[in-house]
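Okay, thanks everyone for coming.

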Number of protein chains: 2
Amino acid sequence: MRALRFNAPFDVTVEEASDPSLVDSRDAIVRVAATCVCGSDLWYFRGDNPRDAGSAIGHECIGEVVDVGVDVRNIRVGDFVVVPFLASCGQCRLCRDGQLQSCSVAAEAGVFSTQGAQAEYVRAPFADGSLVVVPGGRPADAVLPHLLALSDVMATGYHAAVAADVQPGHTVAVVGDGAVGLSAVLAARMRGAERIIALSRHADRQAIATSFGATDIVPARGEEAVAEVRELTQGMGADAVLECVGTEESMTTAVGIARPGATVGFVGLPHGSGAPLGRMFRHNIGLVGGVAPSRLYTPALIDAVLAGEITPGDVFDRRMTLEELPAAYVEMNERRAIKVWATP
Amino acid sequence: MRALRFNAPFDVTVEEASDPSLVDSRDAIVRVAATCVCGSDLWYFRGDNPRDAGSAIGHECIGEVVDVGVDVRNIRVGDFVVVPFLASCGQCRLCRDGQLQSCSVAAEAGVFSTQGAQAEYVRAPFADGSLVVVPGGRPADAVLPHLLALSDVMATGYHAAVAADVQPGHTVAVVGDGAVGLSAVLAARMRGAERIIALSRHADRQAIATSFGATDIVPARGEEAVAEVRELTQGMGADAVLECVGTEESMTTAVGIARPGATVGFVGLPHGSGAPLGRMFRHNIGLVGGVAPSRLYTPALIDAVLAGEITPGDVFDRRMTLEELPAAYVEMNERRAIKVWATP
């Protein structure tokens with residue numbers, strides 16, 4: 001098969017590779033119908049995080065199941081599935097408590113997410129606990145990007161809204177206008193937010209945010225953004241804040257625009273260990289979030305996509321073929337694309 | 001009247017001072033029946049936080065109302081009251097939302113807490129919004145310390161349990177064995193925790209923790225404590241953690257002993273801005289808490305004290321007269337006393 005390989009920072013190529021095979025009796029093999037590049041893939045691309053030379057890359061995809069291990073019960077060959085980025089057994093005490101990101105069985109197996117989804121085929125571990133079947137089978141091509149977005153960014157944005165306890169009628173502020181931040185805007189709308197303030201300074205992203213339900217756009221950053229959001233909220237701050245960046249600056253902004261007693265739902269992987277604990281303490285602002293237990297949200301999100309209620313795939317602003325996909329790393333790294341998807 | 005004065009670090013004395021008078025029409029004057037020294041008073045004593053030379057000190061007391069401003073409606077001369085450490089108007093939007101610690105009226109007036117409670121009389125700002133009348137008037141002397149504890153430490157410990165969402169049947173871990181930590185143990189019991197693990201290495205504090213409901217004592221600290229609590233909880237960690245210290249080490253321990261998806265209720269004033277965001281993110285561990293909106297809890301806590309259900313004043317291990325109280329700063333600073341109370 002053809003598959004992307006990470007060779008070294010700034011060096012990702014498409015190579016001929018062996019088709020994946022079942023390694024564990026709980027695995028499934030998926031023929032990839034659509035895959036994409038994640039912001040977190042860029043950490044390896046830039047050399048910020050180490051990664052083995054020659055390793056398969058990509059953790060987001062949808063596709064058709066072509067083989068399953070002998071212990072797989074609920075997923076069948078021929079099923080069209082969303083592959084959530086997070087692999088979880090679905091059976092252990094933590095999974096049953098909804099803490100899929102901490103699945104003890106997956107941890108013991110040394111598995112965190114599907115690996116090598118930027119390929120024609122991928123091995124998906126813990127198929128029963130992880131994969132979600134799309135009712136009705138493979139949908140029309142136009143629906144593919146919207147289902148693909150559920151593999152990671154839309155589930156992650158939704159997690160931010162759940163963690164921040166967004167309620168109907170809330171004023172919600174979203175920090176970050178990447179694919180996850182834009183998805184968080186959509187999630188806030190789905191949960192009934194009355195007003196959604198998107199912090200964004202790029203016209204193309206502002207347009208998507210607005211189409212996803214943002215009622216206000218704040219292009220400022222840092223203290224200026226804090227002042228603007230406070231002004232927009234009669235000095236109170238937002239009832240819930242969705243933090244989708246993970247830098248110390250964005251965390252400080254998020255806490256700064258939260259009203260007393262509000263919760264910041266944080267899903268941007270924290271870089272560094274600084275947090276604005278002083279303001280959090282003084283005004284009882286909570287910080288709740290983390291890795292999205294994505295599969296929890298997938299079934300309802302699939303239903304919303306198939307019903308035409310949401311179009312989360314609008315975060316993809318470029319489509320390529322698998323052969324072209326190495327260029328997506330460059331485009332996204334240079335911020336010339338928000339998020340690129342591809343069909344093998 | 002006689003009143004404590006902060007002169008300089010390590011120099012607190014009792015002086016003759018003018019009786020306080022009504023400054024604002026919403027003030028009350030309280031004749032102090034009992035007062036005490038707070039761990040946060042020691043920050044000034046040690047010179048960690050600056051404080052004006054000659055300033056009145058103390059923010060915890062109970063006593064009898066002897067005068068009220070013309071705009072006070074619900075508090076009357078002769079009422080015996082608990083004076084919560086936090087002053088709040090009770091009327092603004094934030095107070096009505098339960099965010100008393102962020103009261104916009106008190107903030108505008110430059111008022112945070114009652115000042116100068118270590119004295120024979122004290123001026124209590126925003127009497128209607130802050131003070132809580134003790135039903136039945138002044139109780140027997142034996143009850144005084146238990147009501148006095150509601151002014152700060154017990155309310156603060158209770159806030160930790162509320163913030164961490166302690167539920168019946170939970171396994172709760174408490175980090176910190178100061179007066180607030182011990183109060184948090186009691187609060188966890190009140191909220192129905194089945195198992196309460198107190199991190200404490202001092203025999204006298206362990207004894208109080210046990211009498212307050214602790215079922216397990218872990219004397220270790222840091223990584224050793226994390227390992228012990230995990231072992232006590234079948235590797236899972238605690239369902240809720242109450243962080244009552246505020247150092248980076250204690251915060252790391254608190255997050256380390258929290259099970260995936262749990263919330264750390266933090267009420268120890270944070271020293272520094274470091275937080276274990278990596279583990280919080282990886283395992284969806286939330287951080288919620290801050291300054292206790294103490295008055296919210298006071299009425300129910302008074303009822304529990306008067307019904308004999310709780311004895312939160314057991315955190316006081318020394319009683320002095322007001323004249324002796326400067327010595328309490330030394331005793332507490334040198335950790336020879338947990339918390340000292342005094343009657344003028």
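So, strand 12 of chain A pairs with strand 13, residues 258–266, in the parallel sense, over 5 bridges. By pairing I mean that DSSP finds at least two bridges between the strands, and strands here are DSSP runs of E, at least two residues, while helices are runs of H or I, at least four, all numbered from the N terminus. Val241(A) stands opposite Val264(A) in strand 13.

Quick housekeeping: this is a predicted model, where local features need pLDDT of at least 70 and side-chain atom pairs count only at pLDDT 80 or more, while totals for chains, interfaces and linings use all residues. Residues are numbered from 1 along each chain as its sequence is written, with chains lettered from A and ligands numbered from 1 in the order in which they are written.

Back to strand 12 of chain A. Strand 9, residues 171–175, also pairs with strand 12 in the parallel sense, over 4 bridges, and there Val172(A) has Ala240(A) as its bridge partner. Buried or exposed, what are the residues of strand 12 of chain A? Well, 6 of its 6 residues are buried, meaning 20 or more other C-beta atoms, placed from the backbone, lie within 10 Å of a residue's own.

Now the other sheet I wanted to show. In chain A, 3 strands form an open antiparallel sheet in the order 2-1-4. Strands 2 (11–16) and 4 (55–56) of chain A are at the edges with a single partner strand each, so one side of each has no neighbour in the sheet. Strand 1, residues 2–8, is joined to strand 2 by 6 bridges, and one of the partner pairs is Leu4(A) with Val14(A).

Conventions. A residue is buried if 20 or more other C-beta atoms lie within 10 Å of its own, exposed if 12 or fewer, and partly exposed in between; C-beta atoms are placed from the backbone.
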